[in-house]
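Thanks for coming, everyone. I have one model to show you today. Let me put it on the screen.

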Amino acid sequence: MRVMAEYESLFPWIFSWLAPFIGSFIIALGLLARVRDERFYGYTSVFSILVSAIIASYASYKVLSEGRVIYSGGDIIWIPWINVTLGTYFDGLSAIMSLIVSWVSLLIAVYSIKYMEGDWGYGRYFFFFTFFVGSMLLLVLADNFILMFIGWEGTGLCSYALISHWYTDEEDKWVGKPGRYALGFPMFFEPTHSGVRAILFTRVGDLGLLLGIVILYALTGTFNIVELVNKAPEWLEPLASKGILSLLLITLTLGALAKSAQFPFHEWLVTAMTGPTPISALIHAATMVKAGIYLFLRLTPILLSGALLVHGEVSSLVTQELYNYFLVVAVIGALTAFMLASMALVSDEIKLILAYSTASQIGYMFLGAASAGLLVHTLKPEIIAEGLIAGLSHLASHAVFKAALFLVAGWLIHVAHSRFIDPMGGYAKYMRLTALSLWLAGLSLAGLPPLSGFFSKELVIHISSHAAPLLSGLAILTAMLTAAYTIRLVLRVLHLPPYEAGVRHKPGEAPSVMLTPYLVLAIASLAIGLSWPIASNIYMRAAELTLALGVGYEASVSLSTLTLIVVSAITATIATVYIVYYVIKLNFSELIAKNRLSRVIYDFLYDRWLINPAIYAIFKNGGLRVANTALDIDESIDYTYHKLTPSIGSIIANYIRGVHRGRTDYYITLYIVSAVLIILLALIAIR
Amino acid sequence: MMIAEILVYITLVSSLIIPLMDALGYGRSRAVVIVSWVGVASFTIASIILLSTSSVNEFYAGLVVHDSFTSLILLGASIAAILVLIAVNMDAIVWPSNPAFYSLIPLILFGLFYLAGANSIITVIASWLLVSVASYVMVALPGDRESRLAAIRYVFIGATATLIIALWASATLIGAGIELITPIKPREFKSEAFLVLSLALAAFGFKLGVVPFHWWLPSVYGRADGRPIAIVAGIVKLGFIALIVRIISESFAGSLDAAFIIALIAIATMTYGNIAALTTLDLQRLLAYSSIAHVGYIISALTVIIAEPNSPVSKLALAGVAIQSIAYTLAKTPLFTLVAEAGRELEGELRGLLARDNTTAISSTILLASLLGIPPLIGFWGKLFIFLPLASYSIILLIVALVNSGISSVYYIRALRNIVTPAATQQSRIIRDRYRAVVVISAIATIILGLIAPIIIRLI
């Protein structure tokens, strides 16, 4: 559909993303002025994010209730020569996304006030935290790729700074088991190392994104996302007819895949857990890692509705190229979901389990949205809406329950003084509300009805079963693995005694300022599930109001055979895990120690399918090898100049001069021989 | 042109008077030096007169012809002779051969007039013999063992080369079938023409030190006393350069085959000279090998002159040869005399010369820099005007020449460095004012000529 833009005034909408930036600026001034009161930083952050949340809520209310898109500042030119505007764009997708980002951020900011109390980097933490929220909202609400990219890079920068927050690298801030190696590469990471990894891994994708943006600009002459919709056939056709459409789109999506920690970029997210736990909850679970899937959800309707507008012979080419592209993304999504879930099965670090789960669940979101693309040949706008809703609703559900899980994890780590789950156990009787939160959020992650996770995951599996039954099967298998590792975690932490003997700590309920946020989030995941008819209605409305879509889809879940299979599988898995851990009390450590096959499988999964060593072997060692080769070449050149050439020159020079020893008879002979030779050579040459 | 002719005869007379003066008992007096000066001065005036006339000057019914190119060469030779006379002054009086040195300088110049302007086989042979014999004798004059040995080598190989000259003359005549005074003309028969070319290269190339006819050169230039060598390298060589340019360019105009053979020889010559000079720490030997390299550059210009006769690039190449020859003479003559005075060891007597005699040191570094081809010295323009036209003949030849010029920087800069770097132990000789003056005058001339080189071009 063609989008007609009517611009609203810049204010107050721009504050939806500008307020946190202003907040971070004030915090920076406080840091410069050496303000010692921690409350200054925490409250400034919370207040500025609250402003954003209120404006985002108001905007979302207007969008979803009045059914109109808010486009403010689209006529305010920021960079004239490339026509970049200061536009804030609230459509169905960005409204829902800004709601999630602002409110989850607000809750985590409140939690952080207590969690980070007394930390030596308190002010710095809130500076980057607030700056991150601003960047994330800018990324979501920008009407053009340039602003979006600024937000995109802002989130990456803050992510780097917050992963490396404890940059003194004490061992208790590491991730991975100290001293563990796989194929000779360390599987434990210090905060600073993890920070660099995060920025390097995502940089690869960012380059692809930047390249894609530039190519799109070269083809369409605009960075504006709204204009891109209207021009979709103009750039889809030439690219498809040259056979490079899918390649360009994959390049563009590299940024999204890296940001959202999809295979093979997922490694950065796993080790990003060296950051403070609220950061893991906010950046590495609820928001930033969703930037990638958000971009993908933003692009999918543009691509698919554009494809519907292409007619003639090129139409089938466009369809085929898009199908190829979405197939690649769907396979990556399903594969990431499965791989990371399998890793979570054996992990013994609570945040690591949640990190694996995050990448795995984002894999679901990619699978859901890409499935709509795989059905491009049906030419039905409703299918696009279904894919969008599947991705978006799982994104929302996940943001809520995963933030809750991480915040709970933060408290548990605090209680156990360890990031490993072995010293944890039997906490249920000491912290009932925390236990309730963990159960609710965990079951939502496991996908059990009536929690929100069940409905959103159901939508993903449903659409993928139509688009790619094989991938759908993998998704169901992943759902079972998810249920298994989640229930294992919940049982071991809450109900089983600690594995580690002689644990002496006094568990108790978290302070209310920390407890409230995760309890609210956990209850929200139940509430959203219980009120699914309302929630699905909102998603349908959002789809209708999403750029380039304009149609909705009834996202209610009907009781189909597939649903029954999925629910049965999940329930059976939960029951099995319960029996294995609670009834039989199977000793896995013993099993792994005695059985060689079990040990091989365990090591393979624990060492993350050996992907990290493979990446290091190829890129780090390969890079080193290239560097060393370059050094060798350089030294050879140096050697050639300073040693070899002078030596050869010296040898030849001495040899030549050796001829001229003063023997006149030799000279005469040489002269005559030379003359005869030259004459003969000249004659031969002429003949 | 009567005046020029008379002045050249005055040069001959001054040369002949000196032995008579010796017979009359004035051989050890200052008078012989003055008479020698008179001969050199009159020859210098003659060459200036020749250069100042824009037309081509014919003598002896065309047997000798002087154009602006050869006139410039004659002027360069006169200046070199002046420089040698300033430096040597009365020094040669004590030589056992006295007063031959003072007599031979005007005689060589006289021979050079015919050699550089030779336009027929008979004049080539006659002037060749005159100049050659005089230069053989010149090398032996100081009387020391090395000089005498060098002279013997020079004579023997020179005699062989003279035989080749006879062969060249015969081959030239067989083709033409006419008399000795037949003007040199382009040949019609290919194989015969190339026999002529090979013989010409073997004979005239011998005098210049063209590879592979250069065998004698390092042992003569590198070992004998530097003062006679300054004459042989700085004066005699110029005459032969003029001669070879004339013979080859007129005999083989338009022949790409001939140009190709000359290109190969030029590459071999410049490369051989530069590589042989690379590691030597003996300045006189260095100058000897670099003389070979410079001849390589000069004859490389011949490729353009014969491949594209009468074209603008060919004229530029000819100008390049003239300027390079003058740059070469202006640097080699004073440096050879300096070596005779100050010593030849770059790690010995010459090391740290700057600290002891900064005027001589700076002047000699300027001369070395000119040989290397550093702008704006005259040597730069010489190389530039030779290398530029090479591009129109062969990029490969140009690249080889440039690379060779690069290689030469190694030994020139090392020599330069040794002159300016302070020595651990001082083992210097005192350099007399006359020798210093010659180096300084040449250095100043090198700079001035470098600055006005683009104007000199128009003279040619």
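Chain A has 687 residues, and 54% of them count as buried. Keep in mind that this is a predicted model. Chain A is built with 25 helices and six strands.

Now the inside. In general, nonpolar side chains in soluble globular proteins tend to be buried together. Here, the largest nonpolar core has 229 residues. Which residues have the most contacts inside it? They are A:Ala403 and A:Ala404. Which helix gives the most to this core? That is α15 of chain A, residues 381-416, with 23 residues.

Stay with A:Ala404 for a moment. Set aside its neighbours within four places in sequence. A:Ala404 is then in contact with A:Ser437, A:Ala441, A:Tyr518, A:Leu521, A:Ala522 and A:Ser525.

Next, a helix pair in chain A. Two packed helices are described by the angle and the distance between their axes. Look at α18, residues 469-494, and α21, residues 561-583. Their axes come within 9 Å and cross at roughly 35°. The crossing of α18(A) past α21(A) is right-handed. Who makes the contact? From α18(A), the residues include A:Ile476, A:Ala483 and A:Arg488. From α21(A), they include A:Val566, A:Thr573 and A:Tyr581. By class, this contact has 15 nonpolar residues, one polar and one charged.

Over to chain B. Find helix α10, residues 256-277. From first C-alpha to last, α10(B) reaches 31 Å. That is close to the 32 Å expected at 1.5 Å a residue.

Last, where the chains meet. On the chain A side, 22 residues are in contact with 31 residues of chain B. Two helices of chain A, α24 (611-659) and α25 (664-686), each supply at least two residues of that side. Which one gives the largest share? It is α25(A), with 13 residues. Sort the chain A side by class, and you get 14 nonpolar, seven polar and one charged.

That's my tour. Over to you.

Definitions and conventions
Residues are numbered from 1 along each chain as its sequence is written. Chains are lettered from A and ligands numbered from 1 in the order in which they are written. This is a predicted model: local features need pLDDT of at least 70, side-chain atom pairs count only at pLDDT 80 or more; totals for chains, interfaces and linings use all residues. A nonpolar core is a set of buried Ala, Val, Leu, Ile, Met, Phe, Trp, Tyr and Cys residues joined through C-beta atoms within 7 Å. A residue is buried if 20 or more other C-beta atoms lie within 10 Å of its own, exposed if 12 or fewer, and partly exposed in between; C-beta atoms are placed from the backbone. Helices (H or I, at least four residues) and strands (E, at least two) are DSSP runs, numbered from the N terminus. Two residues are in contact if their C-beta atoms, placed from the backbone, lie within 7 Å. Ala, Val, Leu, Ile, Met, Phe, Trp, Tyr, Cys and Pro count as nonpolar, Asp, Glu, Lys and Arg as charged, and the others, Gly among them, as polar. The expected span of a helix is 1.5 Å times one less than its number of residues. Axes are lines fitted to C-alpha atoms, for helices over the stretch in contact, and angles run from 0 to 180 degrees between N-to-C directions. A crossing is left-handed if the near helix is turned anticlockwise from the far one by less than a right angle, and right-handed if clockwise.
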